[in-house]
Amino acid sequence: MLSPYRIMWLVVVFDLPVGTKAERRRATGFRNTLIDEGFIMKQFSVYLRACPSRSSADSLAERIGKRAPPEGDVSILFFT
């Protein structure tokens with residue numbers, strides 16, 4: 001059972017360039033990665049997901065960070 005005191009929310013906020021076809025492809029791929037990881041879209045560049053604990057949130061943030069495109073800006077915020 002998930003405890004409301006242990007749940008950690010992850011919010012991914014990003015601003016990625018989409019000027020070229022390759023940049024659009026990378027940005028779309030990143031958004032699809034977030035959806036595949038169980039995130040829901042709050043706005044076009046703001047996605048969120050609840051995790052059962054801080055350790056699972058850390059693991060997820062590490063996976064997302066590795067998949068982030070090299071250009072642009074991606075921020076991962078943690079909330080309890």
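A: Val 13 is partly exposed, with a relative accessible area of 31% (buried is under 20%, exposed over 50%, partly exposed in between; 1.4 Å probe, protein chains only). Val 13 sits in strand β1 (strands are DSSP E runs of at least two residues, helices H or I runs of at least four, numbered from the N terminus). The model is predicted: local features need pLDDT of at least 70, side-chain atom pairs need 80 or more, and totals for chains, interfaces and linings use all residues. Residues are numbered from 1 along each chain as its sequence is written, and side-chain values use heavy atoms, without hydrogens or water.

Strands β1 (8-15) and β4 (73-79) each give the patch at least two residues.

Now the core. The largest nonpolar core has 15 residues (buried Ala, Val, Leu, Ile, Met, Phe, Trp, Tyr and Cys, joined through side-chain atoms within 4.5 Å). Leu 10, Val 12, Phe 14, Phe 30, Leu 34, Phe 39 and Ile 64 touch the most other members. β1, α1, β3 (46-51) and α2 each supply at least two residues of this core. In soluble globular proteins, nonpolar side chains tend to be buried together.

Take Val 12. Beyond four places in sequence, its contacts (heavy atoms within 4.5 Å) include Phe 30, Leu 34, Phe 39, Tyr 47 and Ile 64. Val 74, Ser 75 and Ile 76 are also among the contacts of Val 12.

Next, the rings. The whole structure holds two aromatic pairs (Phe, Tyr or Trp rings, the six-membered one for Trp, with centres within 6.5 Å; stacked under 30 degrees, edge-to-face over 60, the rest tilted). Phe 14 and Phe 30 pair edge-to-face, 5.3 Å centre to centre with 90° between the planes. Phe 14 is in strand β1 and Phe 30 in helix α1, so this pair ties together parts 16 residues apart in sequence. Phe 14 is buried, at 6% relative accessibility. Phe 30 is buried too, at 1%. Phe 14 also pairs with Tyr 47, stacked, at 5.8 Å centre to centre and 25° between the planes. That pair links distant parts of the chain, Phe 14 in β1 and Tyr 47 in β3, 33 residues apart. Tyr 47 is buried, as is Phe 14. Phe 14, Phe 30 and Tyr 47 form one aromatic cluster.

Last, the charges on the helices. There are four salt bridges (a Lys or Arg side-chain nitrogen within 4 Å of an Asp or Glu carboxyl oxygen). Glu 71 and Arg 26 form one, at 2.8 Å from N to O. Glu 71 lies in the loop between α2 (54-67) and β4, Arg 26 in helix α1 (residues 21-36), 45 residues apart. Glu 71 is partly exposed at 22%, and Arg 26 is partly exposed at 37%. Asp 58 bridges to Arg 54, with closest N and O atoms 3.0 Å apart. Asp 58 and Arg 54 are four residues apart in helix α2, so about one helical turn separates them. Glu 62 and Lys 66 meet in a salt bridge at 3.5 Å. Glu 62 and Lys 66 are also both in α2, four residues apart. Lys 66 is exposed, at 65% relative accessibility.
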